[in-house]
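Welcome! Here is a short briefing on aromatic rings and nonpolar cores, with the structure to look at alongside.

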Amino acid sequence: MDPVRHFKISICVLLLLLTVGTCGYMTLEGWSLLDALYMTVITLGTVGFREVHDLSHVGKVFTMMLIFFGVGVIGYIVGSLAQIMFEGQFQRIIGRKKVEKAISALDGHYIICGFGRIGSLICKEFAAKPLPFVVVEKDVEMIAQMEQDGHGYLFLPGDATVDDVLLRAGIKRAKGLISVVTSDTENVYITLTARGLNPDLFILARAGEEGSELKLKRAGANKVVSPYLIGGSRMAQAILRPTVVDFIEIATGREHMELQMEEILIPAHSGFIAETLASSGFRKETGVIIVGVKKQTGKMVFNPESHTKIEAHDTLIVLGEPAAIEKLDQLVRCDSCAEELIKKHRKKDE
């Protein structure tokens, strides 16, 4: 058991003994509340003062029992306190408070439930982006591993199927939740709990067994991924289409920084809305290749024509160097840049 929990329990037992002792002296000896409480404190403290009043035979037996239990509890408290001090539990408690404060300040973040093989990889990718996230994990060994790794991930010990744990993780303010615990049953419960707490939350869940995908979607998951299905398909494609797989790995992998594939959302206030891809000048100004456009309705336009209209909340799927992608992202968000670029490239287009 955690030494801090040991200490809390022993304090509760001590308070219980104080209550029992006070009530016992008031009942057995007919003393006032103050006299009974004073007698209980000096008895439990074993300070050796004389009795407040003469004790009856029953009172003496009661006092001996109180001393016996009191010495044990006091010794237990001292031992727990020493363990906390020697094991650095104070530093851990202070550190935990800082982490919980940082979690309470998160907004628009992601909650990752489970820090296993898949969860740790997701954390690595999110940290490289970077994206704000918090990990919820109930396994003690996994929690110890997170503390020792030194990655600085925000994590919350607890069971993600419990409402209070997800509320402490900021699910009301979260942008999405990823449930990747090993048990499909737990993934279903986590999805149900999360959907009930935040109906607008994007939920991505892991499916391990055949048939779990349908159950997870019924529970409220927006998207379900099967690592085994993806892994098997990827291995087959590595044999059937090795060059294509190599290209995808280069475009989507973090270790290859010379070429990246990213998605860029067109905000509702963008000045490029209602313009075409040609008049916006995205390709000419940045040099990126616009592979596709995902409309707000979910429709995907692959290899869009130059006259394709840009609409609010469109998602551009682009391929290019990281610097070029970053430049395009800044252009999309820059209201003052839109008018000048549109005039420049509209004339060229004409």
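A residue is called buried under 20% relative accessible area, exposed over 50% and partly exposed in between, using a 1.4 Å probe and protein chains only. This is a predicted model, where local features need pLDDT of at least 70, side-chain atom pairs count only at pLDDT 80 or more, and totals for chains, interfaces and linings use all residues. Residues are numbered from 1 along each chain as its sequence is written, and side-chain values use heavy atoms, leaving out hydrogens and water.

**Aromatic rings**
- Rings of Phe, Tyr and Trp (its six-membered ring) pair if their centres lie within 6.5 Å; planes under 30 degrees apart are stacked, over 60 edge-to-face, and the rest tilted.
- The count by this rule is eight aromatic pairs.
- Tyr-25 and Trp-31 are stacked, because their ring centres are 5.3 Å apart and their planes meet at 10°.
- Tyr-25 is buried at 1% relative accessible area, and Trp-31 is buried too, at 9%.
- Phe-126 and Phe-133 form an edge-to-face pair, since their centres lie 6.0 Å apart with planes at 70°.

**Nonpolar cores**
- A nonpolar core is a set of buried Ala, Val, Leu, Ile, Met, Phe, Trp, Tyr and Cys residues joined through side-chain atoms within 4.5 Å.
- The largest one has 27 residues, and Ile-111, Leu-166, Ile-171 and Leu-177 have the most contacts inside it.
- Apart from this core lies another of 19 residues, including Ile-264, Ile-290, Ala-324 and Leu-341.
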